[in-house]
Amino acid sequence: MAALEDFEITLKEVVNAKRLSASKMTKLTEIAVKSLEDDTKLVAILYRTHKSLPTSAKVSSLYAFDALARAARGLVNKRGIKGDFNLEKGNAATFLLKIEGVLDGLFQDMVAIDNPEAKEKTKKVLDIWVKSNTFPSAVLTRLRDILSDVQKGA
């Protein structure tokens, strides 16, 4: 449980800092990778923290989602890990599946921010995920639709 507390403390340090720190992001990723068996709790902490943040910190939170998702995708690809919701303990693949469950809410939150920079950063993260196949294409298409609905309404 101490690892989850470490994760939450480090996450809050990362997202509330004035500038994004590569070393803190690396530390956050290392803690998360060691804690993947608690995938549900990790995702809950990530999403709950994101929703509670002031607008100014939400882009950093998006970057935390990005770093952790890509680290998990790297492990899945390297080790051939399979995702199965029936497993007792989580792994990199189940972590990605659980992150997929909150991505729509994350993107809707990001586009609701009245800040063109936040929308642009969200689009850039999505472009990275598309290029690196971080998530299945159906998920990426849904996220792209969320972004394009906002752009049509603008």
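**View 1. The largest pocket has a lining of eight nonpolar, five polar and four charged residues.** Ala, Val, Leu, Ile, Met, Phe, Trp, Tyr, Cys and Pro count as nonpolar, Asp, Glu, Lys and Arg as charged, and the others, Gly among them, as polar. The model is predicted: local features need pLDDT of at least 70, side-chain atom pairs count only at pLDDT 80 or more, and totals for chains, interfaces and linings use all residues. Residues are numbered from 1 along each chain as its sequence is written, and side-chain values use heavy atoms, with hydrogens and water left out. The largest pocket holds about 260 Å³ of space. Its lining has 17 residues, and Lys18, Ser56, Ala57, Val59 and Ser60 are the closest to its centre. At least two lining residues come from each of helix 1 (2-16), helix 4 and helix 6 (116-132). (Pockets and cavities are found on a 1 Å grid over the protein atoms alone: a pocket is an open set of points with protein on both sides within 12 Å along at least five of seven lines, a cavity is a set where a 1.4 Å probe fits but cannot get out, and lining residues have an atom within 4 Å of a point. Points are joined across faces, edges and corners, and a volume is the space filled by probe spheres set on them. Helices are DSSP runs of H or I, at least four residues, numbered from the N terminus.)

**View 2. The largest cavity holds about 40 Å³ of space.** Ala32, Val33, Leu36, Leu68, Ala71, Ala72 and Phe95 line this cavity. Helix 2 (22-34) and helix 4 (58-79) each give two or more of these residues. Helix 4 gives the most, with three. By class, the lining has seven nonpolar, no polar and no charged residues.

**View 3. Helix 1 packs on helix 4 at an angle of about 130°.** Their axes lie 8 Å apart. (Axes are lines fitted to C-alpha atoms over the stretch in contact, and angles run from 0 to 180 degrees between N-to-C directions.) The two helices are therefore oblique to each other. (Angles under 35 degrees count as roughly parallel, over 145 as roughly antiparallel, 65 to 115 as roughly perpendicular and the rest as oblique.) Phe7, Leu11, Val14 and Val15 of helix 1 meet Ser60, Ser61, Ala64 and Leu68 of helix 4. The contact has six nonpolar, two polar and no charged residues.

**View 4. Helix 1 and helix 2 pack at about 155°, with axes 9 Å apart.** They are therefore roughly antiparallel.

Definitions and conventions:
Contact = heavy atoms within 4.5 Å.
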